[in-house]
Amino acid sequence: MPEALRLHPGDNVAVAVAELPAGATVRVGPPPGEPGFEVVTAEPVPFGHKIALADLAPGDEVTKYGAVIGRATAAVRRGEVVGVHNIEGLRGRGDLAAGGS
Amino acid sequence: METAEFLGYPRPTGAPGIRNHVLVVPSSRLVNIAAARIADHVPGTKAVVTTGENGRHSRDRERLARLFTGLGRNPNVHAVIVLGVKPGYGYRELDPDTLAAAVAGTGKPVDVLTVEAAGGLERTVEAGIDLARQRVREASRVRREPVPVGELSVGVKCGLSDATSGISGNPAFGRAADRLVGRGGTVIFSETVEIIGAEEELSRRCTDPRDAERLLRMAREAEAAARATGEDIRTINPLPSNIAAGLSTLEEKSLGAVEKAGSSPIAGVLEYATAPTRRGLHFMDGWQSSFSLPMSLAAAGCQLTVYQLGGEDLPSSDPPMLATNTGVVAPLMMITGNPRTAAKAARSVDFSSGGVITGGCTVQEAGDALFGYLAEVASGELTRGETVRWADVLEPYFLGPVF
């Protein structure tokens with residue numbers, strides 16, 4: 001059973017479905033019967049949090065569910081946790097002069 | 001076995017009920033106390049006690065009136081007792097006779113008791129108790145009978161979302177929703193702020209282009225309201241609990257949230273607290289609050305409301321739920337797709353699709369099991385929430401401001 005799920009083939013993040021330690025070689029699903037792959041965690045990943053499947057530069061789009069969920073605000077290496085510390089959403093942003101969509 | 005029927009209470013018109021309540025509606029906040037005392041004294045009654053009408057503009061008073069009449073018209077209600085103050089008192093939208101007439105069109109018994117006519121507050125309570133005791137005995141003479149499962153209307157909200165919400169919890173409900181709609185039933189989803197990021201995809205599923213435009217307008221207005229605060233929406237929604245559990249942006253949360261809408265075409269887009277005019281999957285404009293939305297879905301005719309709980313951020317043992325019995329006349333079922341939540345909240349969670357995460361079942365299998373369970377609860381099986389004598393405070397979704 002995979003320890004992380006990539007929900008859509010084009011996604012550049014996977015979701016941890018177990019508590020993952022740093023330096024773990026994690027099997028990333030789609031479900032059994034389809035090709036999966038592995039990623040090595042660069043840091044501990046809590047249950048439910050996102051793991052980068054590719055290196056990201058600031059401003060790069062982050063994709064999950066086959067859609068854009070935000071953009072990177074810092075450089076991210078494959079295997080690192082993606083979260084509010086290095087990704088920002090773009091919708092509903094009253095704080096931005098030129099709003100979200 | 002294919003779920004085709006449930007046991008429901010027949011009503012004079014419209015869909016059958018899955019519960020059999022007598023509802024007491026205070027048309028003015030002045031008589032909240034009377035409604036509460038009647039409901040406290042007479043088992044089988046429910047009172048809808050809210051923050052009331054004073055100082056609110058007409059659109060919000062209309063919303064409150066739609067809540068009251070919608071709850072009264074709900075199939076789970078056998079009879080309604082509307083309480084008032086005196087003739088001509090208060091706002092026109094909430095005139096007790098107007099509310100009563102809107103409910104009486106269903107053919108169910110509706111009475112109006114006013115303080116002036118009864119001769120005072122205590123007399124109103126006495127008269128209300130006498131009438132309620134009569135109505136609950138009448139209600140007890142109505143018998144459940146087999147009815148097609150397509151007579152069910154189920155409302156859904158997802159809450160305290162975590163990463164499992166979009167992977168197992170909401171997708172399993174979406175599958176159950178597809179099954180119910182396939183049988184001619186109705187499913188209503190809502191939470192307008194949380195379609196931001198998914199609204200284009202949803203609008204393409206509307207069978208009527210006017211509905212598509214209405215849905216996009218609702219999402220645009222919600223996003224504009226968020227921007228107009230001058231605040232970063234991220235400090236409001238996602239909630240701290242969503243972020244702690246692994247959801248990072250509103251659009252990420254929304255994409256997971258709309259999984260609960262399954263894959264059926266959207267047959268209608270509804271204004272707040274408005275019942276559909278046809279069957280099928282509907283979107284209703286609404287606020288995500290657990291103290292608000294279940295009641296609002298019940299006012300839109302849902303006999304059953306479902307809360308799809310993420311819950312990763314809740315305490316690790318026997319956590320409190322986000323709301324208890326806030327559907328007023330419609331039971332609120334707690335489901336989750338998080339196996340850790342199902343384990344720690346065994347006292348409160350009615351159904352888990354957590355097997356999708358652990359590899360024990362597929363989304364389809366979980367959704368099919370949930371569809372069957374919806375019919376069991378419709379037929380009379382109590383949810384865990386229904387076994388506690390508590391209902392949280394009710395929050396109508398008002399636009400504001402107040403004056």
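This is a predicted model: local features need pLDDT of at least 70, side-chain atom pairs count only at pLDDT 80 or more; totals for chains, interfaces and linings use all residues.
Side-chain values use heavy atoms, without hydrogens and water; residues are numbered from 1 along each chain, and chains are lettered from A in the order written.

I began with B:Asp60 and B:Arg63, whose closest N and O atoms are 4.0 Å apart in a salt bridge. Both sit in helix H2 (residues 58-73) of chain B, 3 residues apart, which is about one helical turn. Helices here are DSSP runs of H or I with at least four residues, and strands are runs of E with at least two, numbered from the N terminus.

I then checked burial: buried means under 20% relative accessible area, exposed over 50%, partly exposed in between, with a 1.4 Å probe and protein chains only. B:Asp60 is buried at 0%, and B:Arg63 is buried at 7%.

Next I took B:Lys157 and B:Glu191, a salt bridge at 3.3 Å between the closest N and O atoms. B:Lys157 lies in strand S7 and B:Glu191 in the loop between strand S8 and helix H7, 34 residues apart. Both residues are buried.

I also found B:Arg179 and B:Asp368 in a salt bridge at 2.7 Å, N to O. This pair joins helix H6 to helix H14 of chain B across 189 residues. B:Asp368 is partly exposed, at 27% relative accessibility.

Last, I noted a network of salt bridges linking A:Glu19, B:Glu312 and B:Arg340.

Note on methods:
A salt bridge is a side-chain nitrogen of Lys or Arg within 4 Å of a carboxyl oxygen of Asp or Glu.
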